[in-house]
Amino acid sequence: MRMLVVDDDPTVRGIVIDLLNLSGHTALDVSNGAQALALLKAEEFDAVLLDHSMPEITGVEVLRRLRAMGSDVRVGFITGARGHPEIEKLRREAVPVIFKPFGWTEFKAFLERLEALGQDR
């Protein structure tokens, strides 16, 4: 799958990109929600991995705007916002969420949940 990684922390972006590459995926990364929305309007992605807490536009707001644009791209969250009401709501709605810090086994399970979202398309 071709994925877009959106996180304001360059270290996290680098780790996630490396893990995606090891898993056989291709990925691009950006550091904020505005960049993500611009890129998603211009290019096709199979999935978007969003951080929740980013300056200016949160990951949840990026998701809301994507859906308002009519996009059905798969979305998952990689976040440290454990227990945040918005994240808990997403989890109840079956949006894949993984909490920082995470290990390889957790990340693989997260990717499997994300990939499964496309089976209904």
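Predicted model: local features only at pLDDT ≥ 70, side-chain atom pairs only at ≥ 80, totals over all residues.
**Thr-79 and its surroundings**

Thr-79 belongs to strand 4, which covers residues 74-79. Display next the residues that Thr-79 touches, setting aside those up to four places away in sequence: Asp-51, His-52, Ile-87, Val-97, Ile-98, Phe-99 and Lys-100.

**The whole chain**

Zoom out and colour the model by secondary structure. The protein contains five helices and five strands. Read from the N terminus, these elements follow the order β-α-β-α-β-α-β-α-β-α. The radius of gyration is 13 Å, close to the 14 Å that the globule rule gives for 121 residues, so the protein is as compact as a globular protein of that length.

Switch to a surface display. The accessible surface amounts to about 6,300 Å², and carbon and sulfur atoms hold 51% of it. Of the 121 residues, 44% count as buried. Among contacts with a separation of 6 or more, 60% are between residues 24 or more positions apart.

Colour the charged residues next. There are 15 positive and 19 negative charges in the protein, and their mean positions lie 4 Å apart.

Select helix 1, residues 10-22, and within it Arg-13. Arg-13 has a relative accessibility of 13% and so counts as buried. Apart from its neighbours within four places in sequence, Arg-13 is in contact with Val-5, Asp-7, Asp-8, Asp-29, Val-30 and Ser-31.

Move to Thr-11, which is also found in helix 1. What is the relative accessible area of Thr-11? The value is 53%, and Thr-11 is therefore exposed. Draw a distance from the C-alpha atom of Thr-11 to that of Pro-101: the two atoms are separated by 12 Å, while the residues stand 90 apart along the chain.

The peptide bond leading from Lys-100 into Pro-101 is cis, with omega near -10 degrees. Lys-100 is one of the residues that Thr-79 touches. Most peptide bonds are trans, and most residues other than glycine have a negative phi.

**Two residues with positive phi**

Select Glu-56, in the loop between strand 3 (47-50) and helix 3 (59-68). Glu-56 is not a glycine, yet its phi is positive, at about 70 degrees. With 83% relative accessibility, Glu-56 counts as exposed.

Then select Ala-94, placed in the loop between helix 4 (85-92) and strand 5. Phi of Ala-94 is near 70 degrees, again a positive value in a residue other than glycine. Ala-94 has 53% relative accessibility and so counts as exposed.

**The aromatic cluster**

For the last stop, show the side chains of Phe-102, Phe-107 and Phe-110, which form one aromatic cluster. A pair of aromatic rings is described by the distance of the centres and the angle of the planes. How many aromatic pairs are counted in the protein? The count is two.

The rings of Phe-102 and Phe-107 have their centres 5.5 Å apart and their planes at 20 degrees, so this pair is stacked. Phe-102 and Phe-107 are both buried. In the other pair, the ring centres of Phe-107 and Phe-110 are 6.0 Å apart with the planes at 40 degrees, and the pair is therefore tilted.

Phe-107 is buried, with a relative accessible area of 0%. Phe-110 likewise counts as buried, at 0% relative accessibility.

Methods:
Residues numbered from 1 in each chain as written. Heavy atoms only, no water. Helix = DSSP H or I, 4+ residues; strand = E, 2+ residues; numbered from the N terminus. Rg over C-alpha atoms; globule rule 2.2 N^0.38 Å. Buried < 20%, exposed > 50% of the residue type's maximum accessible area, 1.4 Å probe, protein only. Contact = heavy atoms within 4.5 Å. Areas by Shrake-Rupley, 256 points an atom, 1.4 Å probe, with all protein chains shown as cover. Lys, Arg positive; Asp, Glu negative; His and termini not counted. Charge placed at Lys NZ, Arg CZ, Asp CG, Glu CD. Phe/Tyr/Trp six-rings, centres within 6.5 Å; stacked < 30°, edge-to-face > 60°.
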